[in-house]
Amino acid sequence: METFAGLGTRMRHLLELLDGDVAHLYADLGVPDYRPRYSPVVRALVALGPLSIRDLASAVGVTHSAASQTAAQMARHGLLTLERGADARQRIARLTAQARALLPLIEAEWAATDAAAAELEAELPAALTEVLISAERAVMSRPMRTRIADAARALLEEPALAPDDASPGAERRAALLAIASQTRGMSG
């Protein structure tokens, strides 16, 4: 059967598989509300102390919005407190005693997961971590939006999409033109 999954769908599915197993592990160990995405936050706060959401996002390598959402969820589960900073708009994340009590488990899981990831990577034709780092750098230097626009322009050059308003490809051509024009000037 043909699959219709694209790159993003495959990446999300892999992440769901990986994170799902880690979450199941925590549930099996009696911590059902703990999510794998909490561990980098906990580790950053242990290493750096209380942080603003902006600094936390930078330390963990996620967007401000993602860090804010994760911190709010962690606060609801009693793992963080969020206090006002010097600036009323700023919130400072601080680990709770409940989170500190989980540190031996979190550190043990992190080490075991790291070892399991190394084993997984050994089974692959290329180290997944290195591929992801390379992909991240490539997309940061030339965003996917730009790549899509360039691909749309290249597809417009195909003979089957000649500018004939009566051809069956006319609607596809119009859609490709729309995609290409939304990002004009972003290439390169």
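In the classes used here, Ala, Val, Leu, Ile, Met, Phe, Trp, Tyr, Cys and Pro count as nonpolar, Asp, Glu, Lys and Arg as charged, and the others, Gly among them, as polar. This is a predicted model, in which local features need pLDDT of at least 70 and side-chain atom pairs count only at pLDDT 80 or more, while totals for chains, interfaces and linings use all residues. Residues are numbered from 1 along each chain as its sequence is written, and side-chain values use heavy atoms, with hydrogens and water left out.

By these classes, the lining of the second largest pocket has one nonpolar, three polar and four charged residues. A pocket is an open set of points on a 1 Å grid over the protein atoms alone, where a 1.4 Å probe fits, with protein on both sides within 12 Å along at least five of seven lines; lining residues have an atom within 4 Å of a point. The residues lining the second largest pocket are S52, I53, R54, H64, D87, R89, Q90 and R91. Its volume, the space filled by probe spheres set on grid points joined across faces, edges and corners, is about 180 Å³.

The largest pocket holds about 2,300 Å³ of space. Its lining comprises 50 residues, and M11, L15, L18, D19 and L132 lie nearest the centre. By class, this lining has 34 nonpolar, seven polar and nine charged residues. Helix 1 (7-28) is among the helices that each supply at least two lining residues, and with twelve residues helix 1 gives the most. Helices (H or I, at least four residues) and strands (E, at least two) are DSSP runs, numbered from the N terminus.

Helix 1 also packs with helix 6, at an angle of about 145 degrees and with the axes 12 Å apart. Axes are lines fitted to C-alpha atoms, for helices over the stretch in contact, and angles run from 0 to 180 degrees between N-to-C directions. Contact (heavy atoms within 4.5 Å) is made by L18, V22, L25 and Y26 of helix 1 and L105, I106, E109, T113 and L120 of helix 6. These residues divide into seven nonpolar, one polar and one charged.

Helix 2 and helix 6 have axes that come within 11 Å and cross at roughly 115 degrees. Their contact involves S39, P40, V42, R43 and V46 of helix 2 and L103, I106, E107, E109 and W110 of helix 6. By class, that contact has six nonpolar, one polar and three charged residues.

Overall, the protein chain has nine helices and three strands. The radius of gyration, taken over C-alpha atoms, is 22 Å, well over the 16 Å that the globule rule gives for 188 residues, so the chain is more spread out than a compact globule. That rule is 2.2 Å times the number of residues to the power 0.38. Along its principal axes, the C-alpha trace spans about 70 × 45 × 25 Å.
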